[in-house]
Amino acid sequence: MTTLARDPSAVRRRPVGLSQPPARSRLDERLDQPRLVRPVMPLWLAILAAAAAGVALDAGFPDKGWWPFTLVGVAVVLLALIGRSWWQALLIGFVAGAVFWGVDIFWLTLYLGPVPWGGLAAFMGLYFAAGSLLIALVYRRADRAWPSRWGRLGILPLVIAGLWILREGVSAVWPWGGFSWGRVAMSQSESPTSGLVAWIGISGLSFVLVWLVAFLIQVGREWDLRPTSRILTAAIAIAAVFAVPAWPAPTQGTSRIAAVQGNSDAGLFSQHSPGDILSDHVSESLTLAGQHPDMVVWPENGSDLDPARYPYAAAALDEVSATLGGAPIIAGTIQVRGDKVYNTSLLWQDGQVQDFYDKRHPVPFAEWMPARDFFHALAPDLVDLVTRDYEFGSTDMTFDVDGVIAGISICFDITDDAVMRETTKEGAQVLLSQTNNADFGKTDENLQQLAIARLRAIELGRSVVNISTVGTSEIIGPDGSTIQAIPAYQPGTLLADVPLATTLTPASILGGQLEWLGAGFGLIGLAVALTVRPSRPRRR
């Protein structure tokens with residue numbers, strides 16, 4: 001047997017194709033694995049921050065109207081959710097939502113007390129918690145789903161914004177017609193971003209603002225981004241949002257419109273003699289004698305007697321119309337047809353009802369009681385206050401007032417995106433927003449609703465005559481500017497040559513589709529984040 005001699009050099013040399021991989025450094029291992037997402041702050045501080053964020057979110061809404069504070073509130077909520085487990089995200093979201101709603105709708109306690117207020121704030125807080133959970137799940141898996149820096153900057157903020165408006169959109173329509181108050185965009189009626197609603201609608205504006213906040217946060221989280229690149233990227237994003245030009249809001253002619261604020265005690269639970277509210281609006285309307293308006297608009301419940309049933313009310317409206325040169329009157333009243341009750345706006349002309357509109361969006365727990373037996377068992381005294389259930393309207397939403405097409409909305413209708421878009425698609429040249437704020441006294445409620453009306457004017461490119469029983473009442477131009485106003489809790493009239501418009505804004509045409517697109521992007525991003533598996537270390 002032959003013994004082979006060992007060549008020391010042969011032992012050290014190996015064929016190139018069979019060479020062993022070099023030792024991997026710890027940095028190599030970290031680059032191959034998603035970064036561990038750590039919370040920005042400890043849980044106790046995150047909960048306190050969430051409560052503060054709820055207060056900041058509300059500060060952007062009237063009466064304060066400090067619109068940047070809403071963006072600050074969004075930022076604090078998002079920062080508190082980074083790196084959170086599911087139960088922590090639910091807790092943080094509930095605290096932020098319940099505090100926000102508790103402050104924002106505190107006006108509900110004025111006549112109804114703390115139980116409905118607390119119940120609604122807690123219920124909306126649950127929605128906020130659910131939305132926060134989805135956002136936290138995306139943040140925890142973002143590095144895995146979008147491992148590159150520009151993937152996280154480009155996609156993650158869009159997903160966060162989409163999930164935010166998904167939560168806003170669902171709570172605005174479900175259950176029982178939803179509660180579409182308090183969306184991020186509704187804090188921006190006086191901000192430089194308000195003009196965006198004409199292009200992308202109210203949900204679109206919420207999407208863009210939350211995207212901007214989420215994007216700026218992500219720019220700050222990308223630790224390997226150069227300071228100059230960080231500043232330049234953030235500046236470009238801010239400029240892109242604030243530099244969008246306003247919709248030109250073209251108009252075609254004017255209509256001389258009068259509106260009457262009777263300063264009437266017209267609350268749901270007010271005690272007054274039949275005809276008192278009617279008399280308040282008649283007497284104030286007669287001060288317009290000799291002004292020759294093309295139409296006269298009274299608020300929701302402006303006549304507590306239905307002129308179609310009560311000759312006294314019919315005669316009163318005829319007197320006003322005759323005194324004002326035969327002007328048609330658009331008046332809010334309650335109508336009973338058969339065994340059904342409607343919150344109605346009437347077009348009264350030539351001694352009769354020429355057209356009518358029934359409120360599309362009666363308010364649950366105020367104008368109708370869902371699951372009455374169930375809630376009666378929980379709070380019988382409160383449920384018994386709602387003595388009748390108003391029907392949901394199904395009429396068209398416009399009146400032809402001597403050739404001027406007027407879109408009609410009653411109170412809560414103004415918050416419903418789909419309902420308001422429908423008015424312009426029916427050809428409305430001007431919007432008449434009739435409301436009754438008497439149940440909320442001198443609280444923020446009437447100013448919050450006025451802010452929504454101002455956004456609708458911009459969004460739909462239409463003048464809005466926002467007329468209330470007690471105020472604040474205004475005629476608002478298609479660009480959101482105030483043409484005339486009456487302070488709250490003062491009787492008075494508005495009279496102006498109001499610009500008319502027929503051109504549809506982009507938001508009128510595409511608003512609904514853009515909302516679905518944004519929310520859908522959020523859901524798709526969530527699905528990607530939940531299903532992408534961790535990457536395996538690369539073989540070298």
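# Ring pairs, salt bridges and backbone geometry

W164 is buried, at 3% relative accessible area (buried is under 20%, exposed over 50% and partly exposed in between, with a 1.4 Å probe and protein chains only). The model is predicted, so local features need a pLDDT of at least 70 and side-chain atom pairs a pLDDT of 80 or more, while totals for chains, interfaces and linings use all residues. Residues are numbered from 1 along each chain as its sequence is written, and side-chain values use heavy atoms, without hydrogens or water.

## Aromatic pairs

The whole structure contains 20 aromatic pairs (ring centres of Phe, Tyr or Trp, the last by its six-membered ring, within 6.5 Å; planes under 30 degrees apart are stacked, over 60 edge-to-face, the rest tilted). One of them joins W164 to F128 edge-to-face, with 5.6 Å between centres and 80° between planes. F128 belongs to helix α7 (residues 114-145) and W164 to helix α8 (residues 149-173), so this contact ties together parts 36 residues apart in sequence. Helices (H or I, at least four residues) and strands (E, at least two) are DSSP runs numbered from the N terminus. F128 is also buried, with a relative accessible area of 3%.

W368 and F392 make another edge-to-face pair, at 5.3 Å centre to centre and 75° between the planes. W368 sits in the loop between β5 (352-358) and α13 (372-378), and F392 in the loop between α14 (380-383) and β6 (398-401), 24 residues apart. W368 is buried at 14% relative accessibility, whereas F392, at 40%, is partly exposed. Elsewhere, ring pairs connect F61, F100, W101, W107, F179, W181, F412 and F440 into a cluster.

## Salt bridges

Side chains of opposite charge can pair when their charged atoms come close. There are 14 salt bridges in the structure (a side-chain nitrogen of Lys or Arg within 4 Å of a carboxyl oxygen of Asp or Glu). Among them, R152 and D143 meet at 3.6 Å, N to O. D224 and R149 meet at 3.4 Å, N to O. D224 is in the loop between α9 and α10 (227-242) and R149 in helix α8, so the bridge ties together parts 75 residues apart in sequence. In the bridge from R337 to D358, the closest N and O atoms are 2.7 Å apart. R337 lies in strand β3 (residues 329-337) and D358 in strand β5, so parts 21 residues apart in sequence are tied together.

R183, D417, R456 and E459 form one network of salt bridges that share partners.

## Backbone geometry

The peptide bond from P62 to D63 is cis, with omega near 15°; D63 is in the loop between α3 (43-59) and α4 (67-81). The bond from G471 to T472 is likewise cis, with omega near 5°. T472 is placed in the loop between β9 (463-468) and β10 (473-476).

W176, a residue other than glycine, has a positive phi near 55°. W176 is located in the loop between α8 and α9 (197-221) and is partly exposed, at 36% relative accessible area. Y489 is not a glycine either, and its phi is positive, about 60°. Y489 occupies the loop between β11 (482-486) and β12 (492-499), where it is partly exposed, with a relative accessible area of 26%.
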